[in-house]
Amino acid sequence: MYNQWASQNRFKVDDTLRFKYSKDSVLVVSEEEYESCRSTKPLFFSNNGDTVFKFEHPGVYYFISGVRGHCDKGQKMIVKVLAVHNPKPEPPHSHSPAPAPAAAPAFTSASTPAPSPSHHSNAGRPIPLLSITNLPLFLILLLPMLFA
């Protein structure tokens, strides 16, 4: 269940995940420890009941519950974090205009009307259904049972 949710979202460096729980802990572990649901030396450990984890580098992160038996029951999650891509600007060409950049795909809400160009400076921009800024609130609602 948690891996399905994580695979449907895109994470980048500096994003955060919030875990709310009681009588449990959150561990970031190696792939081998993830597979075995056991860790003697986790890469990260927290048991304060309200853990905020910040992704500091791209790569794969393996989360498990620290309570014996919880990981075996599915309280674990893999998160893939993408590198931040900052394309280098191309030098201006004096003999021909630069082609327009391709539009990035975005998720929009079909029920939300498009903003009126005469009233909004961001006219024509898609409205995200779930943004990373809303992710911690979403996790607060979704993950309490992860570490219950």
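This is a predicted model: local features need pLDDT of at least 70, side-chain atom pairs count only at pLDDT 80 or more; totals for chains, interfaces and linings use all residues.

Visitor: How many aromatic pairs are there by this rule?

Guide: The count comes to ten aromatic pairs. Rings of Phe, Tyr and Trp (its six-membered ring) pair if their centres lie within 6.5 Å; planes under 30 degrees apart count as stacked, over 60 as edge-to-face and the rest as tilted. One of the pairs is phenylalanine 53 with tyrosine 61, edge-to-face at 5.6 Å centre to centre and 75° between the planes. Phenylalanine 55 and phenylalanine 63 also pair edge-to-face, with 6.2 Å between centres and 85° between the planes.

Visitor: Phenylalanine 53 and tyrosine 61, buried or exposed?

Guide: Both phenylalanine 53 and tyrosine 61 are buried, and phenylalanine 55 and phenylalanine 63 are buried too. Buried means under 20% relative accessible area, exposed over 50%, partly exposed in between (1.4 Å probe, protein chains only).

Visitor: Which residues form the aromatic cluster?

Guide: Trp5, Phe11, Phe19, Phe44, Phe53, Phe55, Tyr61 and Phe63 form one cluster.

Visitor: Switching to the fold. What pattern does the chain follow along the sequence?

Guide: The pattern is α-β-β-β-α-β-β-β-β-α, with three helices and seven strands. Helices (H or I, at least four residues) and strands (E, at least two) are DSSP runs, numbered from the N terminus.

Visitor: And in what order do the five strands form the open sheet?

Guide: The order is 1-7-6-3-4, with mixed pairing. The edge strands, strand 1 (11–12) and strand 4 (44–46), each pair on one side only. Two strands pair if DSSP finds at least two bridges between them.

Visitor: Which way do the neighbours run, parallel or antiparallel, say strand 1 and strand 7?

Guide: Strand 1 and strand 7 run parallel, joined by two bridges, and phenylalanine 11 stands opposite valine 81 there. Strand 6 and strand 7 are antiparallel over six bridges; glycine 59 has valine 81 as its bridge partner. Strand 3 (residues 26–29) pairs with strand 6 (residues 59–65) in the antiparallel sense over four bridges, with valine 29 opposite tyrosine 62. Three bridges join strand 3 to strand 4, also antiparallel.

Visitor: What covers which faces? Start with strand 3.

Guide: Both faces of strand 3 are covered: Val26 and Val28 on one side, Leu27 and Val29 on the other, all buried. Strand 7 (residues 76–82) has Met77, Val79 and Val81 on a covered face, and Lys76, Ile78, Lys80 and Leu82 on an uncovered one.

Visitor: Which ring does lysine 76 lie over?

Guide: Lysine 76 lies over the face of tyrosine 34, at 4.6 Å from the ring centre. The rule wants NZ of Lys or CZ of Arg within 6 Å of the ring centre and within 35 degrees of the ring normal.

Definitions and conventions. Residues are numbered from 1 along each chain as its sequence is written. Side-chain values use heavy atoms; hydrogens and water are left out.
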